[in-house]
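Take a look at the model below.

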Amino acid sequence: SLDTILTILVVVGLVLFGLNLYHNNFNVEQTVQEIKKNPSQALEVARDEAKDLYKKIPEPKKKNNLNVQQTVQEITENSAQTFEVAKDEVKDLFKPPSPEPKKKMTCCESKG
């Protein structure tokens with residue numbers, strides 16, 4: 001509808017104005033003057049500023065032990081072997097701790 005289109009245009013305009021404002025170190029008067037003087041140049045500035053800001057976004061960190069593609073490939077290539085490996089790892093998780101070896105007493109130590 002017309003309301004939706006108008007809302008989208010207002011939001012886009014505000015984003016472009018915000019990018020120009022950021023480019024001009026939040027100087028409102030200078031930003032308004034640049035937009036009045038040359039709107040197409042202001043649009044280019046906003047686009048370039050958006051590209052620069054996008055480049056500064058850090059890449060998400062990957063977890064070291066989580067490689068989904070490798071895991072899926074292993075499962076599909078050899079599901080029986082993968083099942084055995086998983087079964088062994090689960091067994092290791094629930095294995096009771098091994099008892100500590102008894103210390104040998106020397107001549108000078110007491111039992112207590």
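This report walks through parts of a predicted model.

## Helix α1

Helix α1 covers residues 2-23. That is 22 residues, and at 1.5 Å a residue they should span 32 Å. The C-alpha atoms at its ends are 32 Å apart, so the two values agree.

Which residues of α1 are buried? Leu19, Asn20 and Leu21 are.

## A nonpolar patch

α1 also holds Val10. Val10 has 45% relative accessibility. Exposed would need over 50% and buried under 20%, so Val10 counts as partly exposed.

Together with Leu6 and Leu14, Val10 forms a nonpolar patch. The accessible area of the three together is about 290 Å².

## The loop between α1 and α2

Now move past the end of α1. Asn25 lies in the loop between α1 and α2. Phe26 has its place in that loop too. Are these residues buried or exposed? Asn25 has a relative accessible area of 66%, so Asn25 is exposed. Phe26 is exposed as well, because its relative accessible area is 56%.

The backbone deserves a look here. Most residues other than glycine have a negative phi. Asn25 is not a glycine, yet its phi is positive, near 55 degrees. Phe26 is not a glycine either, and has a positive phi of about 60 degrees.

## An aromatic pair

A pair of aromatic rings is described by two values: the distance of the centres and the angle of the planes. How many aromatic pairs are counted here? The count comes to 1. The pair is Tyr22 with Phe26. Their ring centres are 5.9 Å apart. Their planes stand at 80 degrees, and over 60 counts as edge-to-face, so this pair is edge-to-face.

Phe26 is exposed, as its 56% shows. Tyr22 has 33% relative accessibility, so Tyr22 counts as partly exposed.

## Thr31 in α2

The last stop is in helix α2, where Thr31 is found. Thr31 has a relative accessible area of 0%, so Thr31 is buried.

What does Thr31 touch, leaving out residues up to four places away in sequence? Phe17, Asn20, Leu21 and Asn24 are its contacts.

Key: Residues are numbered from 1 along each chain as its sequence is written. This is a predicted model: local features need pLDDT of at least 70, side-chain atom pairs count only at pLDDT 80 or more; totals for chains, interfaces and linings use all residues. Side-chain values use heavy atoms; hydrogens and water are left out. Helices (H or I, at least four residues) and strands (E, at least two) are DSSP runs, numbered from the N terminus. The expected span of a helix is 1.5 Å times one less than its number of residues. Buried means under 20% relative accessible area, exposed over 50%, partly exposed in between (1.4 Å probe, protein chains only). Patches are made of residues with over 30% relative accessible area and no salt bridge: like charges are joined within 9 Å, nonpolar side chains (Val, Leu, Ile, Met, Phe, Trp, Tyr) within 5 Å. Accessible areas come from the Shrake-Rupley method with a 1.4 Å probe; for residues, only the protein chains shown count as cover. A salt bridge is a side-chain nitrogen of Lys or Arg within 4 Å of a carboxyl oxygen of Asp or Glu. Rings of Phe, Tyr and Trp (its six-membered ring) pair if their centres lie within 6.5 Å; planes under 30 degrees apart count as stacked, over 60 as edge-to-face and the rest as tilted. Contact means heavy atoms within 4.5 Å.
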